Amino acid sequence: MSKKYNVAVVGATGLVGQTFLKVLKERKFPVENLYLYASARSAGKVINWEGKDYTVIELKDENIKDDIDVALFSAGGGISKEYAPKFRDKGAVVVDNSSAWRMDKDIPLVVPEANPEALKNHGGIIANPNCSTIQVMPILKVLQDKYGLKRVVYSTYQAVAGAGKKGLDDLENNLQGKPSTNFPHQIAFNALPHIDVFLENGYTKEEEKMINETKKILNLPDLKVTATCVRIPVKFGHGVSVNVELERPFELEDVVKAFEEKEGVIVQNDGKNKVYPMPITAQDTDEVYVGRIRRDDTVDNGLNLWVVADNIRKGAATNTIQIAETLIKEGAL
């Protein structure tokens, strides 16, 4: 019988926390004991998982169990900064879905299809990248290995679920004629070129995340990367237009074949038959979809791609759990 693990979900009542539970079940993660943590407001709530009722535990120091093997965090950066070290010090390996640890040089930032080797020296805390970054990493890793990367330009089309339940609520309320309470403007029938806060350089924090995380994950600190991130009125599933300048020449059929052979990637690249990735078909799946694969003749070795994934699953919960699965596979958990 394979070993089972004691798993904690921190932020268990949130959108990603609930998806953690769904994905743990679907992927048959080997759970021995399950501990569900949330704020005092949600403590005491009962959640049924795999036919058993679990009472949500208030997240505070005295309630941290000392037999947790892996803790899956999705409770915001402030909570992660405070509590991830406490869970680690109790013996758990923390996989954190917030931005709190991503750019810490001592914390691995991991997409298993791109840089699983980074897990070798995790030190007890591992960062899950930004949702829109995660979905392009398997694609860019293929291109990096075969042709080398010179420059990457991202334009994102991001679903409201990326802002959590509040984002979904805003869209629903807007459709009923009510104003937004989370987004600064109406999101229904609109597009907001504004995700997270604006920085002094005119970029948003979301754009900066994509730029810096790409360099860290691919271990290319000098890679030229830029991004424009846009929120659109889609519930689930981010789209990313990726313009890539490669170091070496390529044949389109070879690029397509390499994507088809990449684990976790589905190619939908038949424009004549109107087959291309869409958020609505990616929703509730774990794969990354790539299509609209074509040359960019304005630069040497230029390539255009369209990449879509479910931002709550592959862009958050699933990638977090895949990290834990990789740790088990490597005997590091």
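I call a residue buried under 20% relative accessible area, exposed over 50%, and partly exposed in between. The model is predicted. I looked up I79 first, and its place is in helix α2. Its relative accessible area is 28%, so I79 is partly exposed. I then listed its contacts, leaving aside neighbours within four places in sequence: L59, F73 and A84. I also checked I79 against S98. The two are 19 residues apart in sequence, and their C-alpha atoms are 9.1 Å apart in space.

Entry 2, the parallel sheet. I traced the sheet that α2 lies across. The helix (residues 77-89) lies across β1, β2, β6, β7 (93-96) and β8, and runs at about 175° to β6. The strand order is β5-β2-β1-β6-β7-β8. It is an open sheet of six strands, and the pairing is parallel. Which strands stand at the edges? They are β5 (57-58) and β8 (125-127). Each has a single partner strand, so one side of each is left without a neighbour in the sheet.

I went on to one pair inside this sheet. Strand β1 (residues 5-10) pairs with strand β2 (residues 31-38) in the parallel sense, over five bridges. I picked V9 and found its bridge partner in β2 to be L36. Helix α1 (residues 15-26) also lies across β1 and β2, as well as β6 (70-73). I noted its angle to β1 as about 155°.

I looked at β3 and β4 next. They form a hairpin with two residues between them. The strands run antiparallel and are joined by four bridges, with β4 covering residues 52-55. I followed W49 across and reached K52 in β4, its bridge partner. E50 sits in the turn and has a positive phi of about 55°. Which side chains of β3 (residues 46-49) are buried? I47 and W49 are, and they point to one face.

I found another open sheet of six strands, in the order β10-β9-β11-β14-β13-β12, with mixed pairing. The edges are β10 (224-231) and β12 (265-267). Each of these has a single partner strand, so one side of each lacks a neighbour in the sheet. Neighbouring strands here are turned by 25° against each other on average, direction ignored. Helix α5 (residues 205-217) packs on this sheet and touches β9 and β10. Its direction makes about 145° with that of β10. I counted eight bridges between β9 (residues 149-158) and β11 (residues 238-246), an antiparallel pair. T156 has V240 as its bridge partner in β11.

How many disulfides does a search of the whole structure find? It finds zero. I checked C131, whose closest cysteine sulfur is in C229, at 8.9 Å. C131 is buried, at 13% relative accessible area. C229 is buried too, at 0%.

Is K141 buried or exposed? K141 is buried, with a relative accessible area of 19%. Its place is in helix α3 (residues 131-147). Beyond neighbours within four places in sequence, I found K141 in contact with E113, A114, L218 and K262.

Entry 7, the largest pocket. Its space comes to about 1300 Å³. I noted 47 lining residues, with S74, G76, G162, A163 and G164 nearest the centre. The elements giving two or more residues to the lining are α1, α2, α4 (165-175), α5 and α8 (313-329).

I ended with the loop between α4 and α5, where F189 lies. F189 is not a glycine, yet its phi is positive, about 60°. At 74% relative accessible area, F189 is exposed. D196 lies in the loop between α4 and α5 as well. D196 also has a positive phi, about 70°, without being a glycine. D196 counts as partly exposed, at 31% relative accessibility.

Definitions and conventions
Residues are numbered from 1 along each chain as its sequence is written. This is a predicted model: local features need pLDDT of at least 70, side-chain atom pairs count only at pLDDT 80 or more; totals for chains, interfaces and linings use all residues. Side-chain values use heavy atoms; hydrogens and water are left out. Two strands pair if DSSP finds at least two bridges between them. Contact means heavy atoms within 4.5 Å. Axes are lines fitted to C-alpha atoms, for helices over the stretch in contact, and angles run from 0 to 180 degrees between N-to-C directions. A disulfide is a pair of cysteine sulfur atoms within 2.5 Å. Buried means under 20% relative accessible area, exposed over 50%, partly exposed in between (1.4 Å probe, protein chains only). On a 1 Å grid over the protein atoms alone, a cavity is a set of points where a 1.4 Å probe fits but cannot get out, and a pocket is an open set with protein on both sides within 12 Å along at least five of seven lines; lining residues have an atom within 4 Å of a point. Grid points are joined across faces, edges and corners, and a volume is the space filled by probe spheres set on the points.
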